[in-house]
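Please look at the sequence and the structure while I speak.

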2 protein chains.
Amino acid sequence: MNQINRVAIVGGTHGNEFTGAYLIQKFAQFPHLITRPSFETVSLLANPKAFAARRRYVEKDLNRCFLKQDLADATRNSYEELQAKSIQNTLISNGDKADFILDLHSTTANMGLTIILVNSHPLNLKLAAYLSQINPLVRVYRCSFKSVEENPFVNSLCELGFMIEVGPIAQSLLKATLFQQTEELVHTVMDYLEQFNQGEIPSTKETLILYDHLSDVDYPKKQDGTIFGMIHPELQDKDYQALNPGDPIFLTFDDQTIVYQGTSTVWPIFINEAAYYEKGIAMCLTQRQQINI
Amino acid sequence: MNQINRVAIVGGTHGNEFTGAYLIQKFAQFPHLITRPSFETVSLLANPKAFAARRRYVEKDLNRCFLKQDLADATRNSYEELQAKSIQNTLISNGDKADFILDLHSTTANMGLTIILVNSHPLNLKLAAYLSQINPLVRVYRCSFKSVEENPFVNSLCELGFMIEVGPIAQSLLKATLFQQTEELVHTVMDYLEQFNQGEIPSTKETLILYDHLSDVDYPKKQDGTIFGMIHPELQDKDYQALNPGDPIFLTFDDQTIVYQGTSTVWPIFINEAAYYEKGIAMCLTQRQQINI
């Protein structure tokens, strides 16, 4: 990769994550904000029907529709599956291939400004290190896949780029501070890519703190699948903080504490994300590590 | 009213307000929690289809379906309109009429533990005063109607009772602390009603701070109806705090501050409630007053 010619900023991949969706509307109205001399930037509202309905999705989670085999499968024709194919066409298949994709998300969990890496491309790592160095609210979470074929996210379309996941914020509303912080982060990414094209990327420390995905934890559930507990008050909002064996994780509806049964320290994130109740995910456990870049 | 024979606790009137919905499930499993010697208590999950879909409603906001004329209108047959008629039958029309209805809601706004009165019945006022006296998080908001015929809420079914509106909490999730605080409030109400039946209600101060509904304020909108601004950071989470003429209320997407243009101090509530975007309500303005009870 010698030159980035086209950058895509995607928002509203989940229709009730307003921060990204309204930023896309702002960028559409004021395109000079995301323009830089050495590359073209397109902004894309990824799921307009879900955004209009103020829902995560209409038929199917769009950000799980980008498996290569599904995009190639002509029988897949739900609204979101067709939308995924259309986005693939827009960003990848036609003449103007995007070289970098930034996908804007928000979460009800206390994730601050999280960079979600889906691979370990050196430029992604360097940019993530730069962002976390200039803004202490930035954390870097890596959700690796054995191969790109197993990655169902928008970001699977392109090796360069990542998701930005901001929170805590309720679904279907805007919070001005988080809107501004996210926009600032987008501008910083655009500036960095411009500098990359000029051959003069900012230097960073040679290490980066990464939170690597380990496993998901479901809510305590009865045999019929209904939950009987919630995130323990001592764990709520403690994303990216160490969780040790024996620490409280859930409180049942009849006030019993359930503790973490693991054998080593982990760092939970996405604690109490509303959209993950239906996915059976109460939190994601990660391993904190420092890597050399 | 000499004796309260039957109390109804309603939750999940909005299917994505989990606090009330899961409390109803808890009370159904542990009915002794809401049982008191002198009255019967029924618990009711008001909108099971919307709760299953994790949405506020399926076709229509259930808590706007209780106008007397609509309940009597045989042509109204959306899911929620039929559900409203069914609830009316369950709680009012058959032999065991409910004498007191407690309807449990939650909000993304920073409303603490709010009692929403829909009338000024002396017992409702006294109970609200008692609750606010023993717990400083409790506030009392009065949303009056010219007549009961204009009240579209579940609580229009019965003169006694009110809504409990807790927040801030995102839609479609549980927060343990708020779950516990809401349950505690329900128990206190049940205890109070038991004491009322015994002729020995606790004494309270003779005054009550009430926030009376004045008007609604919409988001700044373009001619096509799309919003171009959000709640100003200085107003976010400032529910029940004085707003003076000239204070910031909105921040436009291009960073312009819009100030409150009124001529006198008001006390905004329901600031940035997610469900009110579609209703064109960015906040409700109230008048704070002290009344004698």
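Let me begin at one strand pair: β11(A) and strand β12 (residues 283-292) of chain A pair in the antiparallel sense over 3 bridges. Strands here are DSSP runs of E with at least two residues, helices are runs of H or I with at least four residues, and both are numbered from the N terminus. Two strands pair if DSSP finds at least two bridges between them. Within this pair, Trp267(A) stands opposite Thr286(A) of β12(A).

A word on the source. This is a predicted model, in which local features need pLDDT of at least 70 and side-chain atom pairs count only at pLDDT 80 or more, while totals for chains, interfaces and linings use all residues. Residues are numbered from 1 along each chain as its sequence is written, and chains are lettered from A and ligands numbered from 1 in the order in which they are written.

Now the whole sheet. In chain A, 9 strands form an open sheet with mixed pairing, in the order β2-β1-β3-β6-β4-β5-β7-β12-β11. Because β2 and β11 (267-269) of chain A each have a single partner strand, they stand at the edges, and one side of each is left without a neighbour in the sheet.

Next, the helix α1(A). Which residues of α1(A) are buried? They are Phe18(A), Thr19(A), Gly20(A), Ala21(A), Tyr22(A), Leu23(A), Ile24(A), Gln25(A), Lys26(A) and Phe27(A). A residue is buried if 20 or more other C-beta atoms, placed from the backbone, lie within 10 Å of its own, exposed if 12 or fewer, and partly exposed in between.

By contrast, consider Pro245(A), in the loop between β8 and β9 (248-252) of chain A. Why does Pro245(A) count as exposed? The reason is that Pro245(A) has 12 C-beta neighbours inside 10 Å. The C-alpha atoms of Pro245(A) and Gln261(A) are separated by 5.6 Å, although these residues are 16 apart along the chain.

Finally, the two chains: 26 residues of chain A are in contact with 26 residues of chain B. Contact requires C-beta atoms, placed from the backbone, to lie within 7 Å. On the chain A side, α1 (18-29), α6 (176-197) and β8 (229-231) are the elements that give two or more residues. Of these, α6(A) gives the most, with 3 residues.
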